[in-house]
Amino acid sequence: MILEARGIRKSFFAYKKRFSVVKDVDIYVEDGENVSIVGESGAGKTTLVHCLSFLEEYDGGQIYFKDKLIDKNSIHVLRNRMQIVFQNFSASLDPRMSIKKIIAEPLRIKGLSHSYIEEKIEQVIEIVHLPGHVLMRKKSSLSGGEMQRVAIARALISSPELVIFDEATSALDTSTQAIALNLLIDLKMKFPLSYLFITHDLTLAKFITDRIYVMYRGRIIEEAPTEELFKHPLHPYTMLLKEGIFGQMTQIREGNSKNGCEFYPFCRWATKECQEHLSPVKEVNTKHFVRCFLYN
Ligand SMILES: Nc1ncnc2c1ncn2[C@@H]1O[C@H](COP(=O)(O)OP(=O)(O)OP(=O)(O)O)[C@@H](O)[C@H]1O
Ligand SMILES: [Mg+2]
């Protein structure tokens, strides 16, 4: 197991109220596995990534990397071994910095020799198919697809074991996105890598991952191997997601479900029980888990 998170919880305080954004999330990624977390905007995906990478302090739960419990005092264990390609990667960069500096940054902060760093840069830009002349340029002169490859090159330069992509390809057009995804698949043939993809796009998850978690309003509501999830989606929300019509999701009933299922107002099968209680998680098929009273 490369990564395991148990019972991760995170809430924010706003308008004099505390609201939960990540609710008791359990996830794991096996060595060499490609996993995705799929959920609509606001589901809490980025917040979860922030917790997993200790960028944000979480309220509860445990995180294990290679079976070792990681806490504030042992974050250094993760450095270089786990890399994240953030949703807003380009926006976070200094516009005056050269692409070369951007890619080399994870190594420069380690104080490695100049010649070693130069050699590593050569290697990673070749891996991601970036031409050498890009290195001296600034981010403003790069296309979205090139910037994407810069982000991947920077993530790879420290030879990580796990890379987390937070919507890293969602801003790209379909063919550029396909090129980037194929590149990531190719990389796995050359290096022992595990990927965790965070996306709102179930089709993308299908294309690239072995196993999928479906997240809805802070909670993992279903988990299954990719093929199984597409053949037998169980949770009513997953069914809608699969049909690609979740944008048209309409409220079926009034009333909230403070202690119950987050999908209650939109679910055509919901009962009073769904409003009042949260269903336990049930393994319906091998490695196929769902949190829904329809299966209990
Ligand atoms: N620092 C913060 N303070 C208050 N609320 C926050 C904070 N960060 C995130 N949130 C809220 O938490 C919820 C989840 O946000 P998050 O960015 O994790 O969603 P997401 O699933 O990544 O969405 P997207 O697909 O749009 O990137 C949102 O309602 C957001 O407004
Ligand atoms: Mg996000």
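# Ligand shell, helix packing and loops

Reader: Which element gives the most to the shell around ligand 1?
Author: This is a predicted model, in which local features need pLDDT of at least 70 and side-chain atom pairs count only at pLDDT 80 or more, while totals for chains, interfaces and linings use all residues. Residues are numbered from 1 along each chain as its sequence is written, and chains are lettered from A and ligands numbered from 1 in the order in which they are written. Helices (H or I, at least four residues) and strands (E, at least two) are DSSP runs numbered from the N terminus, and both β1 (3-14) and α1 (45-52) supply at least two residues of the shell. The most, three residues, comes from α1.

Reader: How many residues surround ligand 1, and how do they divide by class?
Author: A residue is near a molecule if its C-beta atom, placed from the backbone, lies within 6 Å of it; 14 residues surround ligand 1, the closest being Phe12, Ser41, Lys45, Thr46 and Thr47. For the classes, Ala, Val, Leu, Ile, Met, Phe, Trp, Tyr, Cys and Pro count as nonpolar, Asp, Glu, Lys and Arg as charged, and the others, Gly among them, as polar. On that basis the shell divides into four nonpolar, two charged and eight polar.

Reader: Why do α2 and α4 count as roughly parallel?
Author: Axes are lines fitted to C-alpha atoms, for helices over the stretch in contact, and angles run from 0 to 180 degrees between N-to-C directions. Helix α2 (residues 99-108) and helix α4 (residues 144-156) have their axes 7 Å apart and pack at an angle of about 30 degrees. Because angles under 35 degrees count as roughly parallel, over 145 as roughly antiparallel, 65 to 115 as roughly perpendicular and the rest as oblique, α2 relative to α4 is roughly parallel.

Reader: Is histidine 129 buried or exposed?
Author: Histidine 129 is found in the loop between α3 (114-127) and α4, and it has a positive phi of about 60 degrees although it is not a glycine. Most residues other than glycine have a negative phi. Because it has 12 C-beta neighbours inside 10 Å, histidine 129 counts as exposed.

Reader: What separates the C-alpha atoms of serine 279 and cysteine 292?
Author: Serine 279 sits in the loop between α9 (272-276) and β11 (281-285), and its 18 C-beta neighbours inside 10 Å make it partly exposed. Not counting residues up to four places away in sequence, serine 279 touches Cys261, Arg291, Cys292, Phe293 and Asn296. Serine 279 and cysteine 292 are 13 residues apart along the chain, and their C-alpha atoms are separated by 5.3 Å.

Key. Two residues are in contact if their C-beta atoms, placed from the backbone, lie within 7 Å. A residue is buried if 20 or more other C-beta atoms lie within 10 Å of its own, exposed if 12 or fewer, and partly exposed in between; C-beta atoms are placed from the backbone.
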